[in-house]
Amino acid sequence: MNQISSYIDIDDLILRSPEELRELLKKAQETHGTLARTRGGKCLLCGECPILFACIGCAAKVPDPAQRSEVEEVQQIILLQIERAKKKGLALEVAQHQKKLKQCDAELREMDMIEACHADELREPEVNFDVEA
């Protein structure tokens, strides 16, 4: 595992593409109907939440770039919690908060990819028919 982790970034492998997120959202809307709004996106689950509303980092949530500020707010709170835990010498809590911080970063990167995808969809292609011979 140490050798593999030295040249493969696992965090990049768990990012979902905008197309994959769009498909998950479409499928959930067809099967569930109205989706619940959560911190930073929409929940794809219907019924009771199995992880007790720990929405940041949940695989059942599709991030919404319009709600970026909510994830950034959580990120700032986690940074404060890391500092407090470091001052108290609570190494396990620091590790847990750093994991949550990575989940926030992953969601923000997914939001960036979604925004880039939307921008590409709206862009008009530029075609030049001038041929120099």
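**Reading the cores and the sheet**

Mentor: In this predicted model, the largest nonpolar core has 11 residues in all, namely Ile 56, Val 71, Val 74, Ile 78, Ile 82, Ala 85, Val 94, Leu 101, Cys 104, Leu 108 and Met 111.

Trainee: Which elements give two or more residues to this core?

Mentor: In soluble globular proteins, nonpolar side chains tend to be buried together. Here, the elements that contribute two or more residues are α4 (68–88) and α5 (91–122). Leu 101, one of the core residues, touches Gln 75, Ile 78, Leu 79 and Ile 82, when residues up to four places away in sequence are not counted. A second, separate core holds 6 residues, including Leu 21, Leu 44, Val 62 and Ile 114.

Trainee: In what order do the strands of the sheet lie, and is their pairing parallel or antiparallel?

Mentor: Strands of a sheet pair through backbone hydrogen bonds, in either a parallel or an antiparallel sense. In this case the sheet is open, with 3 strands in the order β1-β2-β3 and antiparallel pairing. Its edge strands, β1 (36–38) and β3 (61–63), each pair on one side only, and neighbouring strands are turned by 30° against each other on average, with direction ignored. Between β1 and β2 (residues 41–43) the antiparallel pairing runs over 3 bridges, and Arg 37 stands opposite Lys 42 in β2.

Trainee: Why is Lys 42 called partly exposed?

Mentor: Lys 42 is classed as partly exposed because its relative accessible area is 33%, which falls between the cut-offs of 20% for buried and 50% for exposed. Among the residues that Lys 42 touches are Leu 25, Leu 35 and Val 62, leaving aside those up to four places away in sequence. Lys 42 and Pro 63, although 21 residues apart in sequence, are 6.6 Å apart in space, C-alpha to C-alpha.

Note on methods:
Residues are numbered from 1 along each chain as its sequence is written. This is a predicted model: local features need pLDDT of at least 70, side-chain atom pairs count only at pLDDT 80 or more; totals for chains, interfaces and linings use all residues. Side-chain values use heavy atoms; hydrogens and water are left out. Two strands pair if DSSP finds at least two bridges between them. Helices (H or I, at least four residues) and strands (E, at least two) are DSSP runs, numbered from the N terminus. Axes are lines fitted to C-alpha atoms, for helices over the stretch in contact, and angles run from 0 to 180 degrees between N-to-C directions. Buried means under 20% relative accessible area, exposed over 50%, partly exposed in between (1.4 Å probe, protein chains only). Contact means heavy atoms within 4.5 Å. A nonpolar core is a set of buried Ala, Val, Leu, Ile, Met, Phe, Trp, Tyr and Cys residues joined through side-chain atoms within 4.5 Å.
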